[in-house]
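Hi everyone, thanks for having me. Let me put the structure up on the screen, and then we'll walk through a few parts of it together.

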Amino acid sequence: MSKAVRLFDLDKRDYPSERGDTFRSLQVSECWVCGALSNRVVMGGYPGYGVRVVCPNSFECWHHELENKLKWLDKPHPLSYKNELQKEIDEMKKKHQADVKNDLEGNPDMKLKHWVTNTRSFKPGSACKHFLE
Ligand SMILES: [Zn+2]
């Protein structure tokens, strides 16, 4: 039996707001890197403090790589290079499609879309070197 999960409406501002509080939101946040969905909210951040939604796949090395490519794509490039890069990105997304995990609890409103605020995190002990960039 699944236990009832309380969902907080981020637009109503009556959610837990102490640093470190975690809760589930009515809104669904989508990751612009991998497309994962999450409604797990953490109160924190530095600098600045507030609602943070961390992509559930953000500690994966391929996620860091994909984010780098997407950011690089945003820069001005010759069209042929841009097309090449876009192809690489599409292939990478396809390759990792099955690895993308969502983190949703309760029955969030899928029409209320936000973006995740954090796309990069690290697993202790991971061999990933992307945090050195
Ligand atoms: Zn992601």
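Predicted model: local features only at pLDDT ≥ 70, side-chain atom pairs only at ≥ 80, totals over all residues.

Okay, the core. In soluble globular proteins, nonpolar side chains tend to be buried together. Here the largest nonpolar core has 12 residues, including Cys31, Val33, Cys34, Val53, Leu66 and Val116. Keep an eye on Leu66. If we skip its neighbours within four places in sequence, Leu66 is in contact with Val33, Cys34, Ile89 and Met92.

Now, Leu66 also turns up where two helices meet. Helix 1, residues 61-73, packs with helix 2 at an angle of about 155°, and their axes are 10 Å apart. That makes the two helices roughly antiparallel. Who makes the contact? On the helix 1 side we have Leu66, Lys69, Leu70, Trp72 and Leu73, and on the helix 2 side Lys82, Leu85, Gln86, Glu88, Ile89 and Met92. And the crossing of helix 1 past helix 2 is left-handed.

How far apart should the ends of helix 2 be? It has 17 residues, 79-95, and at 1.5 Å a residue those should span 24 Å; the end C-alpha atoms are 24 Å apart, so that agrees. And is helix 2 tucked away or in the open? The number of its 17 residues that are buried is zero, so helix 2 lies largely in the open.

Last stop: Ala127, in the segment after strand 5. Ala127 has 6 C-beta neighbours inside 10 Å, so it counts as exposed. From Glu30, Ala127 is 97 residues away in sequence and 26 Å away in space, C-alpha to C-alpha.

Technical notes
Residues numbered from 1 in each chain as written. Core = buried A, V, L, I, M, F, W, Y, C linked by C-beta atoms within 7 Å. Buried ≥ 20, exposed ≤ 12 C-beta atoms within 10 Å, placed from the backbone. Contact = placed C-beta atoms within 7 Å. Helix = DSSP H or I, 4+ residues; strand = E, 2+ residues; numbered from the N terminus. Expected span 1.5 Å × (residues − 1). Axes fitted to C-alpha atoms, helices over the stretch in contact; angles between N-to-C directions. Parallel < 35°, antiparallel > 145°, perpendicular 65-115°, else oblique. Left-handed = near helix turned anticlockwise from the far one by under 90°.
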